[in-house]
Amino acid sequence: QVQLVESGGGLVQAGGSLRVSCEVSARTFSTYAMGWFRQAPGKGREFIATISWNGRSTSYGDSVKGRFTISRDNVKKTVYLQMNSLKPEDTAIYYCASKVTGSVFSIFLKEGDYDYWGQGTQVTVSS
């Protein structure tokens with residue numbers, strides 16, 4: 001069984017930065033691709049970023065490109081999302097997700113691709 005626990009959400013002013021983390025409890029963290037999604041009130045879940053097992057492949061949603069950075073530490077079994085230049089429209093619940101994969105380079109952009117999800121962490125950006 002895999003458990004994902006997000007942390008680091010909170011309230012920040014527009015233009016500020018925040019880093020959210022996702023700790024993975026699994027037998028072998030290193031075989032998972034990871035992703036971040038978010039869901040704003042009244043909207044569907046939106047793809048934010050994904051990273052491969054070896055960290056060498058990443059992809060970002062258009063709305064966050066150039067502002068957000070995904071990274072991972074396989075020793076700490078943690079994936080991070082560094083969020084800079086935050087905007088009020090970034091306000092949402094942020095979820096991390098993991099996808100079992102046999103390829104160290106694979107990344108996944110679709111919500112339905114992922115096997116496990118965290119409970120989410122709230123990020124609120126004030127104007």
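This is a predicted model: local features need pLDDT of at least 70, side-chain atom pairs count only at pLDDT 80 or more; totals for chains, interfaces and linings use all residues.
Biologist: Okay, where does Arg-67 lie?
Modeller: Arg-67 sits in the loop between strand 6 (58-60) and strand 7 (68-73), where strands are DSSP runs of E with at least two residues, numbered from the N terminus.

Biologist: And is Arg-67 buried or exposed?
Modeller: Arg-67 counts as buried because its relative accessibility is 10%; buried means under 20% relative accessible area, exposed means over 50%, and partly exposed is in between, using a 1.4 Å probe and protein chains only.

Biologist: What does the side chain of Arg-67 make a polar contact with?
Modeller: The side chain of Asp-90 is a partner, at 2.7 Å, and the side chain of Arg-67 also reaches the backbone oxygen of Ser-63 at 2.9 Å. A polar contact here is a pair of N or O atoms within 3.5 Å; within protein, one must be able to donate a hydrogen and the other to accept it, and residues adjacent in sequence count only if both atoms are side-chain atoms.

Biologist: How many salt bridges does the structure hold?
Modeller: There are 5 salt bridges in the structure, each being a side-chain nitrogen of Lys or Arg within 4 Å of a carboxyl oxygen of Asp or Glu. One of them pairs Asp-90 with Arg-38, with the closest N and O atoms 2.8 Å apart. That pair links distant parts of the chain, 52 residues apart, with Asp-90 in the loop between strand 8 (78-83) and strand 9 (92-100) and Arg-38 in strand 4 (residues 32-39).

Biologist: What else does Arg-38 form a salt bridge with?
Modeller: Arg-38 also pairs with Glu-46, again with the closest N and O atoms 2.8 Å apart. Arg-38 is buried at 5% relative accessibility, whereas Glu-46 is partly exposed, with a relative accessible area of 31%.

Biologist: Switching topic, which residues form a disulfide?
Modeller: Cys-22 and Cys-96 do, with their sulfur atoms 2.0 Å apart, the cut-off for a pair of cysteine sulfur atoms being within 2.5 Å. Cys-22 lies in strand 3 (residues 18-25) and Cys-96 in strand 9, so the pair ties together parts that are 74 residues apart in sequence. Both Cys-22 and Cys-96 are buried, and their link is right-handed, with 50° about the S-S bond.

Biologist: Last one, how many residues has the largest nonpolar core?
Modeller: The largest nonpolar core has 28 residues, and those with the most contacts inside it include Trp-36, Phe-68 and Tyr-94; such a core is a set of buried Ala, Val, Leu, Ile, Met, Phe, Trp, Tyr and Cys residues joined through side-chain atoms within 4.5 Å. Strand 3 supplies the largest share of this core, 4 residues. Another core, of 6 residues, lies apart from it and has Ala-33, Phe-37, Phe-108 and Tyr-114 among its members.

Key. Residues are numbered from 1 along each chain as its sequence is written. Side-chain values use heavy atoms; hydrogens and water are left out.
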